[in-house]
Amino acid sequence: MQIQIHTTILVALLFFSSSVLSSQIVNLGDIYISENETVSFMESFNNGSEGELYNDGLLYIYNDFTNDGVVDFLSDTGVTNFIGTAFQEITGSEDSYFYNISFNNGSSSNPFQVANTISVSGEINFEMGIVDLLGSDVDFYFEENATHINGSNESHINGAVHKMGDSDFDFPIGDKGYYRSSRIQSLIGNNTELISAYFFEDSSSLYPLQSDSGIIEEIDTAEYWTVDNITSGEEVLLTLYISEETTSSGILEGALHTDISIVRWDSGENIWINEEGTYDPVTGSVSTLIDNYGIFTFARVEDSEDCLVIYNEFSPNGDGIGDTFTIGCIDSYPNNTVEIYNRWGEKVFKATGYQNDWDGTNTEGASIGGSEELPVGVYYYVINLGDGSKPKAGWLYLNR
Ligand SMILES: [Ca+2]
C-alpha cells in the first residue's frame, strides 16, 4: 500500500483495506487539497457517499476512481491528473466536478473507461489515451468557457460531449481512434447547451440516400456527427473537417471541393436535407449555418452556382492584389446583404448590394479590435443573396 501525501490533508479520514488484490482508499470524510499542495492516490480511490473531495491543488490518480459522494473544487486552480499505467475506471453514482484535468495514460489505446458524469470548468489536457464514455447515458460536460488542448487521434473523448454557454467550441470527439472534431460558433449568442458526438460507422443502412430535392448525389456513408441544441431554434455556424482517413472517397473526388455540402438527416421525413455549406481550403473544412439539429455528414451535391465563389482570404494593404473581399458573381444578386463579424461576434461591416469593395475597414463600431483599420486575423462572413436561398457563412482571413 502506497499513498503519497506530500503535504497536509486537512480533516482526512481514510480507510485502507488490507487485501493485496483489491487494495483501495476509501474516503468517508473530507479531503481538501489546497493550492500548491500535491496529493497522489496510488491505489483505487473510492469517495464514499459521505465523502467529500475538493481539489484546488495537484491531484495525481494512478488507478480507478469512484465517486459516490462529493467531488468538486473551490477555486480555479486545481489540476486532476489521471495518470495510470493500466485501465482506469472512472465511475460512481455521483457527478464529479473538476477544474482542470489532464489525461495521460499510454497503457492502451482506450485506457480511460468512464461510467459517471464528469464536468470540467477549466481546461482539459489530452496528453495521451482515449476517454471512452461507457453507454449513452454517460455525459461529459464542458462548462461555460471551459477549453481543451492537445486533442489527437491518440487522445480525445469517444462519446457525447456537452458544451455549456455560447462561446466558440471545438468538440474534442472521435471514434475508433480518429479525432474528428465538430466546431460550433454562435454568431449571435443565447445558446445554453450544445451536444455533439462522432461515429466512424457505415450509415448507409440506417440513413439511406433519399432526398426530396434530388440534388444530393452522394453521401459520406463512412462517418457522421450528431449535433443537438438544448436551446431550441437557435442558429449556429457548424464546421466539419474533411479527412482523407475517414471521409468517403467519393466525397473527396475533385480538386476544388466546391460541390461538398453538409447534409442533415431529417428523422421525421426519413430523408437527407441539403444544409449547403462553403468549403474553406485553408482548413479543409465545410461550414454552414444550421437551426435544425440531429445527424450531419458530408455530401456531394449538384454544383449549380459555378460562378458564385467566395474568396475567403484578402489582403487590404494597398498593393493592388486582393485588397478587397471578393465574391465572384455577386452582382448577379443585387438584393444581397454581406455582414462581417469578428471573433467575438461583433459586427464590423455590413453592406446591402455589396460590390466587392470592402477593404477591411471597421464600419460598425465594434469595440474589440475596433480601430478603423481592422487587425489581421480570422473573421466570419454571412452572405444573404437575397434570392430566397439559405445565407452562406464561413471564415474569412484578413492579412495585410
Ligand atoms: Ca493586397
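This note goes through the domains of the chain and the pairing of some of its strands.

1. The structure is a predicted model, in which local features need pLDDT of at least 70 and side-chain atom pairs count only at pLDDT 80 or more, while totals for chains, interfaces and linings use all residues. Residues are numbered from 1 along each chain as its sequence is written.

2. The domain assignment of the chain, with bounds that come from an automatic or database domain assignment, gives domain 1 as residues 3-301 and domain 2 as residues 310-398. Taken over C-alpha atoms, the centres of domain 1 and domain 2 are separated by 33 Å.

3. Where the domains meet, 11 residues of domain 1 are in contact with 13 residues of domain 2 (contact here requires that the C-beta atoms of two residues, placed from the backbone, lie within 7 Å). On the side of domain 1 that touches domain 2, strands β33 (278-280) and β34 (285-290) each supply at least two residues, and β34 gives the most, with three residues. Strands (E, at least two residues) are DSSP runs, numbered from the N terminus.

4. The residues on that side of domain 1 divide into five nonpolar, four polar and two charged. In this division Ala, Val, Leu, Ile, Met, Phe, Trp, Tyr, Cys and Pro count as nonpolar, Asp, Glu, Lys and Arg as charged, and the others, Gly among them, as polar.

5. Strand β11 (residues 79-82) runs parallel to strand β14 (residues 100-104), and four bridges join them; two strands are taken to pair if DSSP finds at least two bridges between them. Val79 has Asn100 of β14 as its bridge partner.

6. From β17, three bridges lead in the parallel sense to strand β20 (residues 147-149), where His148 is the bridge partner of Ile124.

7. A further group of five strands forms an open sheet with mixed pairing, in the order β37-β42-β41-β39-β40. Strands β37 (313-314) and β40 (347-352) stand at its edges, and because each has a single partner strand, one side of each is left without a neighbour in the sheet.

8. Within this order, β39 (residues 337-341) and β41 (residues 377-384) run antiparallel and are joined by five bridges. Thr337 stands opposite Asn384 in β41, which gives the reader a place from which to trace the pair.
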